[in-house]
Amino acid sequence: MTILHLAHRDDWETAVATGEYRTSTRGATLDEVGFIHASYPDQLPRVAAFVHAGDDQELCVLVLDDELIRADGVRVVDEDGGDGELYPHIYGPLRPRWVVEVRPAGFDAGGVFWYRSGPCDHREPGRRSVGFDL
């Protein structure tokens, strides 16, 4: 199953260089929280608006293969995010090889969250995006 994590691109690029990603959510590390926050595709727009609205850093969506994560012995647990909805939580650092795609993301001038609907280079203009008006 595919799960998603919204990341700052700089954090992701550091993870690629070091071999692991340890950011739980904006402003908090895995060590502080105990797990890495993730979302299912239908949850991502709400999570983005709640966590990253007003964020001026470049964002990207990490598309994760939960079977690869579990195969390495790391727990992925659906847990209540505090609103009665279940979100996937990853109990360990992310390894870059679990990331099957990195999709550019952000907010447009009107505050609408968007992310690329398929794999593409984050510098490549003109690709179709998925927008979400919240």
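**Salt bridges and burial**

Tutor: The structure holds 9 salt bridges. This is a predicted model, where local features need pLDDT of at least 70, side-chain atom pairs count only at pLDDT 80 or more, and totals for chains, interfaces and linings use all residues. Residues are numbered from 1 along each chain as its sequence is written, and side-chain values use heavy atoms, with hydrogens and water left out.

Student: What makes Glu-58 and Arg-9 a salt bridge?

Tutor: The term requires a side-chain nitrogen of Lys or Arg within 4 Å of a carboxyl oxygen of Asp or Glu. Here N to O is 3.3 Å, so the pair meets the definition.

Student: Which parts does the pair tie together?

Tutor: Glu-58 lies in the loop between α3 (44–52) and β5 (59–65), and Arg-9 in helix α1 (residues 9–18), so parts 49 residues apart in sequence are tied together. Helices (H or I, at least four residues) and strands (E, at least two) are DSSP runs, numbered from the N terminus.

Student: Why is Arg-9 called buried?

Tutor: Buried means under 20% relative accessible area, exposed over 50%, partly exposed in between (1.4 Å probe, protein chains only). Arg-9 has 7%, so it is buried. Glu-58 has 44%, so it counts as partly exposed.

Student: How do you know that Arg-95 and Asp-72 form a salt bridge?

Tutor: Their N to O distance is 3.2 Å. That is within 4 Å, so the term applies. The pair links distant parts of the chain, 23 residues apart. Arg-95, at 32%, is partly exposed. Asp-72, at 28%, is partly exposed too.
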